[in-house]
Amino acid sequence: MTKATPKIIVLDDDPTGSQTVHSCLLLTQWDVETLRLGLRDDAPIFFILTNTRSLPAGEAAQVTREVCQHLKQALAAEQVAEYLVVSRSDSTLRGHYPVETDVIAQELGPFDAHFLTPAFFEGGRFTRDSIHYLMVDGIPTPVHETEFAQDSVFGYRFSYLPDYVAQKTQGRIAPDQVERFLLSEIRQGCLDRLMQLQGNPCAAVDAETQSDLDRFAQDLLTAAGRGKKFLFRSAASLLTALAQLPPQPVAPEKMATYVRQGKPGAFIVGSHVRKTTEQLRALLAVAGVRGIELDLEQMRADSTATAKLREAAIAQVQQVFEAGQTPVVYTSRQELSFADEETRLAFGSQVSALLMDIVRALPSEIGYLVSKGGITSNDVLSQGLALPTARLLGQIIPGCSVVRTPTNHPQFPNLPVVLFPGNVGSVDSLVTVLQRFSNPPG
């Protein structure tokens, strides 16, 4: 492996971080042998789906530590010396920071710096003057003014990244200790400054366009080739720049070529953010689409309700599919309040278990599967479909990846599966996915 092309190893806290790349492996297990498969794979990048965003901080740290310890063994066994580590997380700043980067630094360090690069252009997120923005109805909005900042587990008060870092590290890293890489410097080139970094400071990186991160990645790769060791807390767009892949093999508009025997598919919708609800409403209005709602309030109030909901939903899915229509299983849309974070996460696990029971009971001849929501998508791959690895085919719309199950899958061989983040796309994006899978390529 040449110094110009280090292996890019991504610890992804839900499975949607691969939403800008293709033709690489997603690993849902991290035993040493599975990690060695990722290191040996021809693609320059692979993803380890840790799903830590669904876990309490202590468990997230434990999982991250286990991955890193196994990764050290795999790197030694495969004699890989040149690599970059990315802690991939949400582009709206939700997640276990600095918990995960601290553990990675302890286990795989020392690093010369760790970079915050939350820009995700396909989702309308960019960073200017160290302030992170989200496009809301065409208006650049500082992320602390959006619904994501009010998240009951991962909430925050600042869009100015140095202040965000200070809040999340509880003052361990002061705002004036955060290295700021501004647009002007990135566009002129910052290799000399990168070479001077040491001691693992936090660095906040501006980016307004993909070309900004492309330029920055060139300097990063050059610095890595000269011996610098960097860690990243990043959204997906930096991965595009680092991986330097050609266009995906099958264009988004031609994805129907992957649909099994032209059959209808199924949608599983777990995310409850406003954008998902709007997209779901548009999808349910399409002819031939049938909604199957899971009442979460009923499930929380009555411990016996889960089994009834499960059996009713499975029967309805079968009925809809046999009628040649498309079943859409979705959780009720209100966000429930809980006494504490632990209770909320525990209920989320119960909801996910219910959804995965439904996935396992889907008709074996479905043409495709769409999973809406990051945590839901992770569970679909690792539990519903029980995939130790999956091959990423590409994106069906910007920010939404398609993977395919292996030919020898016992229930759903060669099934295309869409990993659709909760907070990505326009109102009509779920409808667009349905249409692209429904129209045979001409």
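Student: How do helix α2 and helix α3 pack, and at what angle?
Tutor: In this predicted model, helix α2 (residues 57-78) and helix α3 (residues 99-108) pack at about 30 degrees, and their axes are 9 Å apart. Angles under 35 degrees count as roughly parallel, so α2 is roughly parallel to α3.

Student: Which residues make that contact?
Tutor: On the α2 side they include Ala-57, Ala-61, Thr-64, Arg-65 and Cys-68. On the α3 side, Val-99, Glu-100, Val-103 and Ile-104 are among them.

Student: Is the crossing left-handed or right-handed?
Tutor: α2 passes α3 in a right-handed crossing.

Student: And what about α1 and α2, how do they cross?
Tutor: Helix α1 (residues 32-40) and α2 have axes that come within 9 Å, crossing at roughly 55 degrees. The two helices are therefore oblique to each other. This crossing, with α1 passing α2, is right-handed.

Student: Which residues of α1 and α2 touch there?
Tutor: From α1 the contact uses Val-32, Leu-35, Arg-36, Leu-39 and Arg-40. From α2 it includes Val-67, His-70, Leu-71 and Gln-73. Leu-71 is also listed in the contact between α2 and α3.

Student: Staying around there, where is Gln-79?
Tutor: Gln-79 is in the loop between α2 and β4. Its phi is positive, about 55 degrees, although Gln-79 is not a glycine.

Student: Buried or exposed, that Gln-79?
Tutor: Gln-79 is exposed, because its relative accessible area is 72% and the cut-off for exposed is over 50%.

Student: New topic: where are the cis peptide bonds with omega near 5 degrees?
Tutor: One runs from Tyr-97 to Pro-98, with omega near 5 degrees. Pro-98 is in the loop between β4 (83-88) and α3. Another cis bond goes from Gly-109 to Pro-110, again with omega near 5 degrees. Pro-110 is in the loop between α3 and β5 (113-117).

Student: Okay, Ser-130 next. Where is it found?
Tutor: Look in the loop between β6 (125-128) and β7 (131-136). Ser-130 has 0% relative accessibility and counts as buried.

Student: What does the side chain of Ser-130 make a polar contact with?
Tutor: It is joined to the side chain of Arg-180 by a polar contact of 2.7 Å.

Student: Which residues is Ser-130 in contact with, beyond its neighbours within four places in sequence?
Tutor: Ser-130 is in contact with Ser-159, Tyr-160, Leu-161, Pro-162, Arg-180, Leu-182 and Asp-206.

Student: How about Asn-378, which helix is that in?
Tutor: Asn-378 lies in helix α13 (residues 374-384). At 4% relative accessibility, Asn-378 counts as buried. Leaving aside neighbours within four places in sequence, Asn-378 is in contact with Pro-15, Leu-49 and Asn-51.

Student: Which domains does UniProt list here?
Tutor: The unreviewed UniProt entry has "domain: Four-carbon acid sugar kinase N-terminal" covering residues 8-242.

Student: Last one: where is Thr-257?
Tutor: Thr-257 is in the loop between α8 (237-243) and β12 (266-269). Thr-257 is partly exposed, with a relative accessible area of 44%.

Student: What does the Thr-257 side chain reach?
Tutor: It reaches the backbone oxygen of Lys-254 at 3.0 Å.

Student: How far is the C-alpha atom of Thr-257 from that of Phe-437?
Tutor: Those C-alpha atoms are separated by 8.1 Å, while the two residues are 180 residues apart along the chain.

Definitions and conventions: Residues are numbered from 1 along each chain as its sequence is written. This is a predicted model: local features need pLDDT of at least 70, side-chain atom pairs count only at pLDDT 80 or more; totals for chains, interfaces and linings use all residues. Side-chain values use heavy atoms; hydrogens and water are left out. Helices (H or I, at least four residues) and strands (E, at least two) are DSSP runs, numbered from the N terminus. Buried means under 20% relative accessible area, exposed over 50%, partly exposed in between (1.4 Å probe, protein chains only). A polar contact is a pair of N or O atoms within 3.5 Å; within protein, one must be able to donate a hydrogen and the other to accept it, and residues adjacent in sequence count only if both atoms are side-chain atoms. Axes are lines fitted to C-alpha atoms, for helices over the stretch in contact, and angles run from 0 to 180 degrees between N-to-C directions. Angles under 35 degrees count as roughly parallel, over 145 as roughly antiparallel, 65 to 115 as roughly perpendicular and the rest as oblique. A crossing is left-handed if the near helix is turned anticlockwise from the far one by less than a right angle, and right-handed if clockwise. Contact means heavy atoms within 4.5 Å. UniProt positions are given in the numbering used here, feature names are shortened, and annotations may be inferred rather than shown by experiment.
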